[in-house]
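Grab a pencil and take a look at the fold below.

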Amino acid sequence: MDENKSILRDQTLLTGSSGFLGSIINRCSEDKLLTLGRSYKDILKTNLTEEIPILPNNVSKVIHCMGLAHFEPKTNQESNYFFKVNYDATVNLTKAIDEHCENLKQFIFISSVSVYGQNSQKTLISKNDETLPDTPYGESKLCAENFLKNWANDKNISLLILRLPLVIGKNSKGNLGKMIKYLEKGLFFLINKGKAKKSMVLAEDIARLVLSSSINRGTYILTDNYHPSFFELTNFITKQLKLKKPKMISNLIAFPLAIVGSFLPMSPINLRIFNNLNKTLIFSD
């Protein structure tokens with residue numbers, strides 16, 4: 001039986017295949033990926049936050065795309081859940097690899113530029129700048145990164161960490177999805193004439209990179225080397241979707257609205273959103 005297992009073709013394991021980026025990676029792959037998660041579509045059905053799965057021993061590559069993002073925690077319990085999904089699940093996955101996958105060659109971890117925080121005084125951040133996460137999401141991603149670096153070094157496994165900015169593509173989720181939703185409702189406003197710029201990267205480009213056969217290692221930021229302003233971005237979206245262009249409001253009006261909105265759960269603006277829309281924060285790849 002062991003001899004039969006050893007001659008099986010190498011497989012790539014993908015977590016988070018039901019998410020926005022994971023589903024694109026899965027769709028772009030020419031070979032059938034071994035998907036792991038809680039979705040009924042996953043081949044290996046496992047709750048990584050609670051379980052250490054049994055993996056086939058012919059897994060040679062892991063793309064760990066699973067993660068929790070895109071919501072603001074209101075309680076300590078919600079904040080802790082970021083660590084459960086982004087850190088604890090990562091640890092459980094490595095334990096499963098240690099037990100079953102002796103031939104693993106590469107581990108790819110999908111991280112985030114959130115590890116740098118939003119309060120940097122720099123406008124352009126490079127990968128070697130200090131990491132100062134200021135949200136449970138960024139903190140949990142950085143904790144997972146640090147754990148994986150130690151684990152991969154001990155096991156002599158090639159580790160590739162990709163810190164991603166805004167990921168764009170058809171039916172985008174997260175901040176871009178929220179922006180589109182508010183534009184459709186006429187509730188999105190440009191602050192400071194929409195001058196603030198943000199980095200982004202196309203989901204299909206990420207998929208092509210992580211599915212390539214080359215064994216890359218290290219920590220990298222990915223962008224598409226063009227950093228549009230909010231004015232440019234909303235102008236493009238409204239043209240494509242045939243929507244009205246958003247109105248512009250000054251900081252003198254937006255800031256008080258953001259303060260009030262911070263106490264209203266369903267408000268389209270709060271202090272975090274105000275700072276995000278008002279500050280240029282771009283990344284060098």
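The exercises cover the sheet, a helix pair and a pocket.

This is a predicted model, where local features need pLDDT of at least 70, side-chain atom pairs count only at pLDDT 80 or more, and totals for chains, interfaces and linings use all residues. Residues are numbered from 1 along each chain as its sequence is written, and side-chain values use heavy atoms, with hydrogens and water left out.

**Exercise 1.** Work out the order of the strands in the open sheet, and find its edge strands.

*Solution.* Start with the terms: strands (E, at least two residues) and helices (H or I, at least four) are DSSP runs, numbered from the N terminus. Two strands pair if DSSP finds at least two bridges between them. Now read across: the seven strands go β3-β2-β1-β4-β5-β7-β11, with parallel pairing. The edges are β3 (44-45) and β11 (218-221), as each pairs on one side only. Zoom in on β3: two bridges join it to β2 (residues 34-37), and lysine 45 in β3 sits opposite glycine 37.

**Exercise 2.** Decide how helices α8 and α9 run relative to each other, and which residues make their contact.

*Solution.* First, get the angle: the axes of α8 (residues 251-261) and α9 (residues 271-278) cross at roughly 150 degrees and come within 8 Å. Axes are lines fitted to C-alpha atoms, for helices over the stretch in contact, and angles run from 0 to 180 degrees between N-to-C directions. Angles under 35 degrees count as roughly parallel, over 145 as roughly antiparallel, 65 to 115 as roughly perpendicular and the rest as oblique. So α8 and α9 are roughly antiparallel. Next, the contact (heavy atoms within 4.5 Å): α8 brings Asn251, Ala254, Phe255, Ala258 and Ile259, while α9 brings Leu271, Phe274 and Asn278.

**Exercise 3.** Find which element gives the most to the lining of the second largest pocket.

*Solution.* List the elements that give two or more residues: β1 (11-15), β4 (59-64) and α6 (203-211).
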